[in-house]
Amino acid sequence: MILPVALQRIISWRPGGLARGTLLVSLGMGVRTGIQALVFLGIARILQTESYGAFCAVLALAGATGSLSGMGASMLIIRDTSRDPSLFPKTWGSYLLAWSLTTPILFGLFTLMAVTCLPSAIPLSAIVAIGLAEIALVPLSAASGQAFQAFGRMKDFSRLLTFPVAFRLAGVMLLIPVSYVSGDSERLLIWSVLYFVAAACAAGYAFRQVMRHLGAPQYPAWRSIPATMREGFPFAVGGAALRVYADIDKTMISSMISLEVTGFYSAGYRMMDMAAIPIMALVETSVPGFFRKGGEGKTAGLRYLCRILPVPLLYAVTAGALLHLGADTIPLLLGESYVGAIDSLRWLAWLPLFCTPRYFLQTVLGTTGHQAPAVALISLGAISNVALNLWMIPLWGWRGSVIATYLAEAVMTFGMWAVMAQGRPSQEAHEEG
């Protein structure tokens, strides 16, 4: 009797909202990953290791700076709209004002850091083009996608994830014929300009979609923007700390070793990132649900986490094994100059497994009103990563950077587990009461 009943349950099973949303986002991210793979293969081959390393070094610094754009107001769109859809016009207008205020300041800060920290061989024009794309345009595209995410419209969200990389692929196609009549430095500059144009097209399309399908923003008074920024600040700092943690090693390797090593290290890192796409799809899809559960307290968020976590952990183990076994194919895909990426990918292959618990713990803390400890731990992880890189890169090169990443990840994960464990009994008693 047990077997027929179990079989009947399997046959009659239908995916719930989270499963459908994850599937839609995974499909969108899958298409995006396929296009990203083509962009990655094209750019890595055209630019070669040194120029590709220069591009990644600038991109890392610009991305970390750009994550502060809007000072976290885009996350308030998800938080407030997922709980009360009528608040969307106000939250969208508040984000746009915060974005317009912070972008010029952040771009000036980025330019100063880039000129000071990056190798002088990187053209200033390339720095400016990539900086404008990452600090002004990419955050606007991302916030537009988050607007659809807040309404649970994952199909639209998935589409907006795909368009930026589609425009970049068009840029690669334009770059291919130019590469035959230009040198390495010229190719880097041309690609940087094309990257900016692609980001502008994607941001314009995404903004138009929000205006067309979700409605116009309701702009609040300027005097309310500081309060919005204060409320979103923990999200912004957390996002910036994560970008520093994930990407600053490329900038540091470019300064402390060479652009060539940065190139093959970044190639291995990029392949690892693409393998983690389904995990990030589940995280993105579950954010509105975590916000809704967050209204019930940390314990409800933890139960929701325990329901979700086993599947991405199993996927991370499988992906790590496949990355480790398939690393030898890199020179066939990118060229012999990227042979160093074989070892870097094998060292990085298990990072998604280390990161997955932290992704979800961070989401639980951020959506249950515990942003402060989450941000503190993420910031501690970023600072630890930078400090360990400063110590380990001179000793062990790029391998030291990988070790630093694993150690910083462990610091954040164990810290978040400790925060989740702390206060659980009292919270449960409060909820039961």
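**Overall make-up.** I counted 18 helices and zero strands in the chain, taking helices (H or I, at least four residues) and strands (E, at least two) as DSSP runs numbered from the N terminus. I noted that this is a predicted model, in which local features need pLDDT of at least 70 and side-chain atom pairs count only at pLDDT 80 or more, while totals for chains, interfaces and linings use all residues. Residues are numbered from 1 along each chain as its sequence is written, and side-chain values use heavy atoms, with hydrogens and water left out.

Of the 433 residues of the chain, I found that 55% count as buried, where buried means under 20% relative accessible area, exposed over 50% and partly exposed in between (1.4 Å probe, protein chains only). I also looked at contacts, meaning heavy atoms within 4.5 Å: among those in the chain with a separation of 6 or more, 84% come from residues 24 or more positions apart.

**Confidence.** I read the pLDDT, the predictor's confidence in each residue from 0 to 100, and found a chain average of 82, with 88% of the residues scoring at least 70. Among the elements of the chain, the lowest mean pLDDT, 40, belongs to helix α1 (residues 2-12), and the highest, 93, to α14. Over residues 1-18 the pLDDT is below 50, and this stretch has six contacts in the model beyond near neighbours in sequence. I marked residues 424-433 as well, where pLDDT stays under 50 and the model has ten contacts beyond four places in sequence.

**Single residues.** I noted a phi near 65° at glutamine 48, a positive value in a residue other than glycine. Glutamine 48 is found in helix α2 (residues 17-66), and it counts as partly exposed because its relative accessibility is 32%. Methionine 71, also not a glycine, has a positive phi of about 50°; methionine 71 lies in the loop between α2 and α3 (73-83) and counts as buried because its relative accessibility is 18%.

I then turned to threonine 367, which lies in helix α15 (residues 351-367) and is buried, with a relative accessible area of 4%. Threonine 367 and phenylalanine 290 are 77 residues apart in sequence, yet 6.0 Å apart in space, C-alpha to C-alpha.

**Helix pairs.** For each pair I used axes that are lines fitted to C-alpha atoms, for helices over the stretch in contact, with angles running from 0 to 180 degrees between N-to-C directions. Angles under 35 degrees count as roughly parallel, over 145 as roughly antiparallel, 65 to 115 as roughly perpendicular and the rest as oblique.

The axes of helix α14 (residues 341-348) and helix α17 (residues 398-421) come within 10 Å and cross at roughly 15°, which means that α14 is roughly parallel to α17. On the α14 side I listed Asp343, Ser344, Trp347 and Leu348, and on the α17 side Trp398, Arg399, Val402, Ile403 and Tyr406, as the residues making the contact.

How do α12 and α15 compare in direction? The axes of helix α12 (residues 310-326) and α15 come within 8 Å and cross at roughly 160°, so α12 is roughly antiparallel to α15. Here Pro312, Leu313, Ala316 and Val317 in α12 meet Pro352, Leu353, Thr356, Pro357 and Phe360 in α15.
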